[in-house]
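Here is a friendly tour of the charged side-chain pairs in this protein. Have the sequence and the 3D view open as you read.

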Amino acid sequence: MKQIPLLFLLLGLFRPAGYAQPLTLEQAIDSALRNAYSVQLAGYGLQQAGEKMQEARAGLKPRLFAATDYRYYTNLPYQLLPAGVFGGPADTYKEARFGVPHTINANIQASYQLYNPVAKSAVLTARAARDLSAAQLTRSREDIVLEVSNLYYNAQILHSQISFLDSNLANSRQLLSLMSLLHEQRLARGSDVDKVRLQLSQQEWQRESALVQYRQALHLLQFLMGTSPADSIQLLSVTEEQQDIVPDLKPMAEMQITSSQLHLLERERSAIEKSWLPSIQLNGLYGTSGFGKTGANDFLNFYPLGYVGLQLSVPIYSGNAVKSRIRSKSLEAEKARLQLRMLEEKNEVDRINNQYQLQLAARNLPVIRQQIELAQSIYDKTLLQQKEGLATLTDILLADTDLRDAQKNYINALVALRKAELEYKKLTGNLLKPQS
């Protein structure tokens, strides 16, 4: 009986027409990291945080303003002068109008923060916010690596499952032909033929279902990569080789985000505390003022104006709002600190458990592969024995079930191995390739 060798099933490449080179996992990840919308959105968030940091830094730099103003008074303002100035009685006042209808001012004003702890804290807070955005971008990139890797491995395993099903279908079709022939010779019952036909129908449905899932996985992979679903792609065949385990331990993305959030909260609390401190600002102004009158004796004269001075601002009382904000930020920081400690301890436990999973998955694969070869051999021998009248149809169906169970165990072992490898990379912070 002609069988499809297991080595061909597992290592053969699926090559659609018009596509020569298979797509590697690294190529799929690189394409997704460039084109995935979630990564692009996180990248914009990091750029925005950088601009906010530059905006905060600008608050510490000198500022220069230019202003001009023109006023035409339809009614000149009044002032009250003591009547005694004009020889009148005491404690009485006389109204007087000052100024001219036309007034023009043109000034240049400069200011510089000599000492402003709030503005300096705003820079540090903005830098901490940028670090948080960078950690969130790293997590978005890692999420894409996980999603692409899972889809890639899923598609590989589904393709191997389809290959197994093709082999099983070939066995079932050959068995159906044999049982139909025996039924015609009145050596088998019609119910036996129906059992084989039912098994064949179930396997055809399983293959169709696996094929649909395979195509869905490819389309999702193409979406993440930013390519059109109409493009044909091929993947490398599934392999049992265990991936290289990087011993370098780095903080996982979730821990980096929590640590950055804690740092940001501490900076925000420090900024609130420093709002009690005084600030000193250097001010200067230089300009000119013009006064004019139209009509008889019209004129327009300009006079210079300038000054340099210091401005001291001291907060005295603002209620209990500041104290409440400080306590609130302190509680948020304690919460983030506790969450970080929880993540660190959980990460350590998960790493230990992951080592067991990796060892078990790597040890199971060769054993299960031998079980497939043994089950295939038993099926072939049982089929030969049935031809010689030494085995019943039930024996053949049981052998076929054992073969399919071994195949299913092999697929599950492959899934467990790839899942454990990805989990290890996530727990050790090695999902992303180091940037050169």
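## A pair across the chain

Glu254 has a relative accessible area of 29%, so the residue counts as partly exposed (buried means under 20% relative accessible area, exposed over 50%, and partly exposed in between, with a 1.4 Å probe and protein chains only). Its partner in a salt bridge is Arg139, with the closest N and O atoms 3.2 Å apart. This pair links distant parts of the chain: Arg139 sits in helix α4 (residues 117–184) and Glu254 in helix α6 (residues 253–273), 115 residues apart. Arg139 is partly exposed too, at 30% relative accessibility.

A salt bridge here is a side-chain nitrogen of Lys or Arg within 4 Å of a carboxyl oxygen of Asp or Glu. Helices are DSSP runs (H or I, at least four residues), numbered from the N terminus.

## How the model was read

This is a predicted model, in which local features need pLDDT of at least 70 and side-chain atom pairs count only at pLDDT 80 or more, while totals for chains, interfaces and linings use all residues. Residues are numbered from 1 along each chain as its sequence is written, and side-chain values use heavy atoms, leaving out hydrogens and water.

## Other salt bridges

The count comes to 15 salt bridges. One of them joins Lys329 and Glu332 at 3.9 Å, N to O. Because these residues are 3 apart in helix α7 (residues 321–387), about one helical turn separates them. Lys329 is buried at 19%, whereas Glu332 is partly exposed at 36%.

Glu266, Glu334 and Arg337 form a network of salt bridges.

Conventions: Helices (H or I, at least four residues) and strands (E, at least two) are DSSP runs, numbered from the N terminus.
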